[in-house]
Amino acid sequence: MPVEDISPQESYQALKSDPDTILVDVRTDAEWNFVGIPDLSEAGKQPVLIPWQLYPSMQVNGAFVEHLRRAGATPLSKLYFLCRSGARSLAAAQAAQAAGFPSSYNVADGFEGPVDAEGHRGRTAGWKASDLPWRQR
């Protein structure tokens with residue numbers, strides 16, 4: 001079954017209304033530290049921070065699925081995967097689905113969205129551009 005893209009707004013509403021939802025931010029430590037992370041305090045949650053690729057080599061994290069399990073994810077969890085623009089999170093959601101987490105979703109356009117005409121992110125689509133809560137780490 002293909003991984004479904006869910007808008008940032010729909011993802012945030014699911015996180016606020018369903019206790020079985022988990023937001024898994026698969027960006028790197030550098031991105032969390034310098035760009036910011038989603039603020040789920042209104043939902044009474046924290047994002048689970050598990051890098052899909054390890055900085056600076058950008059090699060795929062071989063322990064990714066084990067980290068999901070350690071973070072409390074179960075086959076009954078609804079997992080929403082987020083990265084910068086939606087590409088790494090799709091790969092992570094596909095891997096999670098293949099590892100027995102059937103309700104794995106990709107947050108479309110990620111945290112910052114695509115590059116705009118001026119070469120900048122975060123202005124046209126994604127979590128930040130949707131005016132969803134976030135904070136510096």
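Glu31 and Arg88 join their side chains in a salt bridge, with 2.8 Å between N and O. This pair ties together distant parts of the chain, since Glu31 sits in helix H2 and Arg88 in helix H4 (residues 87–98), 57 residues apart. Both Glu31 and Arg88 are buried. Keep in mind as you explore that this is a predicted model.

**Salt bridges**

- In total, the structure holds seven salt bridges.
- Side chains of opposite charge can pair when their charged atoms come close.
- Arg27 and Asp25 make one of these pairs, at 2.7 Å from N to O.
- Arg27 is buried, and Asp25 is buried too.
- Glu118 pairs with Arg123, and their closest N and O atoms are 2.9 Å apart.
- Glu118 counts as exposed because its relative accessibility is 57%, and the cut-off for exposed is over 50%.
- Through salt bridges with shared partners, Asp116, Glu118 and Arg123 belong to one network.

**Three buried loop residues**

- Thr28 is found in the loop that runs between strand S2 (21–25) and helix H2 (29–35).
- With a relative accessibility of 4%, Thr28 is buried.
- Beyond its neighbours within four places in sequence, Thr28 is in contact with Pro51, Gln53, Tyr55, Met58 and Arg88.
- Pro51 belongs to the loop between strand S4 (48–49) and strand S5 (53–54).
- Pro51 is buried as well, at 15% relative accessibility.
- Not counting residues up to four places away in sequence, Pro51 touches Val26, Arg27, Thr28, Trp32, Asn61 and Phe64.
- Between Pro51 and Ala92 there are 9.3 Å in space, C-alpha to C-alpha, while in sequence they are 41 residues apart.
- Asn61 has its place in the loop between strand S6 (59–60) and helix H3 (64–70).
- Asn61 is buried because its relative accessible area is 8%, and buried means under 20%.
- Leaving out residues up to four places away in sequence, Asn61 touches Ile50, Pro51, Trp52, Gln53, Leu54 and His67.

**A charged patch on the surface**

- Glu4, Asp5, Glu10 and Asp109 form a negative surface patch.
- Asp5, one of the patch members, lies in strand S1 (residues 4–6).
- Asp5 counts as partly exposed, with 49% relative accessibility.

Conventions: Residues are numbered from 1 along each chain as its sequence is written. This is a predicted model: local features need pLDDT of at least 70, side-chain atom pairs count only at pLDDT 80 or more; totals for chains, interfaces and linings use all residues. Side-chain values use heavy atoms; hydrogens and water are left out. Helices (H or I, at least four residues) and strands (E, at least two) are DSSP runs, numbered from the N terminus. Buried means under 20% relative accessible area, exposed over 50%, partly exposed in between (1.4 Å probe, protein chains only). Contact means heavy atoms within 4.5 Å. Patches are made of residues with over 30% relative accessible area and no salt bridge: like charges are joined within 9 Å, nonpolar side chains (Val, Leu, Ile, Met, Phe, Trp, Tyr) within 5 Å. Accessible areas come from the Shrake-Rupley method with a 1.4 Å probe; for residues, only the protein chains shown count as cover. A salt bridge is a side-chain nitrogen of Lys or Arg within 4 Å of a carboxyl oxygen of Asp or Glu. Lys and Arg count as positive and Asp and Glu as negative; His and the chain ends are not counted. The place of a charge is taken as NZ of Lys, CZ of Arg, CG of Asp or CD of Glu.
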